[in-house]
Amino acid sequence: MALSNWATYLNRSTKLIRDSSIKILRMEGADGPSRAPLTLFRMNSKQDIEQFATGCDADIGGTSKVHLELDESPERNKGSGSTATGRFWGEMRLNVKPELQGRIRGGYAGFRSQPRPTLFGEMVDDVSNHQFLALRLRLGGDPRLRNSYFVNLQTDGPITTDLWQHRLYFQRNDGGWEDVFIPFENFILTNTGEMVQYQIAMMRERIRTVGISLLGGNSGVSGSYDLGIDSIRAVNEEDVTRPPLIEKDPSHGI
């Protein structure tokens, strides 16, 4: 390319970048923030399930069991609005292998979405224009475990072990499907299972992963667990179909 042509190319590129930056600053050609419900994850196909990874205390010497699979049972999916949903199930056990007694703690299982790398960096979700996390769930299994489920959010922050956590409160006792709504502002910052002393605002514009954990060890409860998951969304007040249950002491049970 001749020097004159190269100079022209650079001038045009510089002008394009400058004009684009001005439009972004002025919000020209951009729509206002959308308040429409934002679906973060669905669990209605095998491909949906493959987006998630599972783990439990058996990974380090415990004895709990964990499964996450596509559930196509018409009976369990009745009322979900879907023909197939995710099923998180297994055995919550507090015991660990004899040689690890007193060295590790048992009684947990969970799953979370896997990181989503792209050519331009990792994909994250922006929920800064939404007030609530909404989960469509079905609670089964041992009823003693109903208060041991937590939802976890990981942001794209500098400390990778930080998790924003809130207990899942269920209203139904009949194994039916229900929507659980949690205000984003009510999540508590934790690190390696402990509440962080100095709480900060969640980086809601950069949600990296979403997951659910069962912490039977914290409550000293074991038994079979069974949780159905249809969808995880971000919504606003006009989409809330029932008042969310607000945790009076968010640190309890973490």
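This is a predicted model: local features need pLDDT of at least 70, side-chain atom pairs count only at pLDDT 80 or more; totals for chains, interfaces and linings use all residues.

## A charge over a ring

The distance from arginine 87 to the ring centre of tryptophan 89 is 4.9 Å.

## Rings in pairs

Take tyrosine 149 and phenylalanine 170. Their ring centres are 6.0 Å apart and their planes meet at 80 degrees, so this pair is edge-to-face; the cut-off for that label is over 60 degrees. Tyrosine 149 belongs to strand β9 (residues 149-155), while phenylalanine 170 sits in the loop between β10 (162-167) and β11 (177-183), so the pair ties together parts that are 21 residues apart in sequence.

Are these two residues buried or exposed? Tyrosine 149 has a relative accessibility of 0%, so it counts as buried. Phenylalanine 170, at 8%, counts as buried too.

## A stacked pair

Phenylalanine 184 and phenylalanine 187 also form an aromatic pair, and this one is stacked. Their centres lie 6.3 Å from each other, with 25 degrees between the planes.

Both partners fall under the 20% limit for buried residues: phenylalanine 184 has 3% relative accessibility, and phenylalanine 187 has 4%.

## A cluster of rings

Ring pairs can also join up into a group. Which residues do they link into a cluster here? The members are Phe41, Phe52, Phe88, Phe111 and Tyr225.

Notes: Residues are numbered from 1 along each chain as its sequence is written. Side-chain values use heavy atoms; hydrogens and water are left out. Rings of Phe, Tyr and Trp (its six-membered ring) pair if their centres lie within 6.5 Å; planes under 30 degrees apart count as stacked, over 60 as edge-to-face and the rest as tilted. Helices (H or I, at least four residues) and strands (E, at least two) are DSSP runs, numbered from the N terminus. Buried means under 20% relative accessible area, exposed over 50%, partly exposed in between (1.4 Å probe, protein chains only). A charge sits over a ring if NZ of Lys or CZ of Arg is within 6 Å of the ring centre and within 35 degrees of the ring normal.
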